[in-house]
Amino acid sequence: MNTNNPANPKGVERPADDDERTGESHGAKLQRNVGELLQELRVAQAGVQILFGFLLSVVFTDRFHEASGFEKALHLAAVLLSVAATALLIAPAAWHRLLFRAGRREEILRVGNRVVLVGFGCLAGAIVVVVALIAKVVFGPIAMGLVGGLAVLAFGVLWFVLPAVLPDDRRDRQRVPRTSDR
């Protein structure tokens, strides 16, 4: 590892030739990774903004005013989770606009990744609360628990558990072939 490189003043460890698999420089890799992060956020931002708009419009219906205090509290929780998701998922785009010319792509990626993961958690929470609230209004509290639980399970497995247990095939790509493998 090369940590005494003038082009790497913070001493961030990385392979001497930056990225052996793609052949791109560290700067090109950072630029590509920031672009990928921002592209991924476009998908999530559209969903959270549509959900947020729906939640805001519900308040102005006659049926909402007839809702119980519990239902209104659930609605407010969904709104607050949507606000948090919106702020967290848009933040890396704002940071990119403010910081990329200062050569701070590495910080944008490092902190942005964490913020986006929390934003995804808030988005999942907002969606779970909304579907649980709908199930309660339409079918009652038992349906609310069942539908909410299934939604939590679906998001937890698909967004967080499955990526953690996917096999890491990088070891196979980086493995040097033995004489018997040739």
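This is a predicted model: local features need pLDDT of at least 70, side-chain atom pairs count only at pLDDT 80 or more; totals for chains, interfaces and linings use all residues.

Analyst: Residues are numbered from 1 along each chain as its sequence is written, and side-chain values use heavy atoms, with hydrogens and water left out.

User: How are H3 and H4 oriented to each other, roughly parallel or roughly antiparallel?

Analyst: The axes of H3 (residues 69–99) and H4 (residues 105–139) come within 8 Å and cross at roughly 160°. Angles run from 0 to 180 degrees between N-to-C directions; those under 35 degrees count as roughly parallel and those over 145 as roughly antiparallel. H3 is therefore, relative to H4, roughly antiparallel.

User: How are H1 and H4 oriented to each other, roughly parallel or roughly antiparallel?

Analyst: H1 (residues 26–58) packs against H4 at an angle of about 20°, and their axes are 10 Å apart. The two helices are therefore roughly parallel.

User: Which residues does Leu55 contact, leaving aside its neighbours within four places in sequence?

Analyst: Contact means heavy atoms within 4.5 Å. Leu55 belongs to H1 and takes part in the contact with H4. Leaving aside neighbours within four places in sequence, its partners are His75, Ala78, Val79, Ser82 and Val130.

User: Which residues touch the most other members of the largest nonpolar core?

Analyst: A nonpolar core is a set of buried Ala, Val, Leu, Ile, Met, Phe, Trp, Tyr and Cys residues joined through side-chain atoms within 4.5 Å, where buried means under 20% relative accessible area (1.4 Å probe, protein chains only). Of the 24 residues in the largest such core, those touching the most other members are Leu41, Leu51, Leu55, Leu89 and Leu123.

Terms used. Helices (H or I, at least four residues) and strands (E, at least two) are DSSP runs, numbered from the N terminus. Angles under 35 degrees count as roughly parallel, over 145 as roughly antiparallel, 65 to 115 as roughly perpendicular and the rest as oblique. Buried means under 20% relative accessible area, exposed over 50%, partly exposed in between (1.4 Å probe, protein chains only).
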